[in-house]
Amino acid sequence: MTKRPVVNDSITDALHCTTCLLPMQYQTKKDGKFLWQCFKCGKKFAVHENNTDVIEESWSPPR
Ligand SMILES: [Zn+2]
């Protein structure tokens with residue numbers, strides 16, 4: 001078992017966009033969810049703080 005250093009409220013290794021397969025950028029923590037966004041296509045992931053297996057996808061088109 002290796003221990004992962006805890007850095008602020010980031011959770012795990014970086015998520016990857018399921019569309020572009022690019023690393024997503026961690027943005028903020030809101031309402032008990034960690035929000036990540038793909039800078040390329042604008043896809044957003046919301047990872048639940050209490051259960052990081054639960055990931056909600058949403059979409060916000062790039063400007
Ligand atoms: Zn993407």
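Strands here are DSSP runs of E with at least two residues, helices are runs of H or I with at least four residues, and both are numbered from the N terminus. With that in hand, colour the chain by secondary structure: from the N terminus on, the elements run β-β-β-β, a total of 0 helices and 4 strands.

Two notes before you click further. This is a predicted model, in which local features need pLDDT of at least 70 and side-chain atom pairs count only at pLDDT 80 or more, while totals for chains, interfaces and linings use all residues. Residues are numbered from 1 along each chain as its sequence is written.

**Stop 1**

Now keep strand 2 (residues 33–37) and strand 3 (residues 43–48), which pair in the antiparallel sense over 5 bridges. Which residue of strand 3 stands opposite Q37? Pick K44 and you have found it.

**Stop 1: the core**

Next, show side chains for C17, M24, F34, W36, C38, F45 and V47, the 7 residues of the largest nonpolar core. Such a core is a set of buried Ala, Val, Leu, Ile, Met, Phe, Trp, Tyr and Cys residues joined through C-beta atoms within 7 Å. Strand 2 and strand 3 are the elements that give two or more residues to this core. A residue is buried if 20 or more other C-beta atoms lie within 10 Å of its own, exposed if 12 or fewer and partly exposed in between, with C-beta atoms placed from the backbone. By that count, 14% of the 63 residues of the chain are buried.

Centre on M24. Beyond residues up to four places away in sequence, M24 touches A14, L15, H16, C17, W36, Q37, C38 and F45; contact means C-beta atoms, placed from the backbone, within 7 Å.

**Stop 2: C20**

Finally, go to C20, in the segment before strand 1. Is C20 buried or partly exposed? C20 is partly exposed, because 13 other C-beta atoms lie within 10 Å. Leaving aside neighbours within four places in sequence, C20 is in contact with C38, K40 and C41. Draw a distance from C20 to C41: they are 21 residues apart in sequence and 7.4 Å apart in space, C-alpha to C-alpha.

Terms used:
Two strands pair if DSSP finds at least two bridges between them. Two residues are in contact if their C-beta atoms, placed from the backbone, lie within 7 Å.
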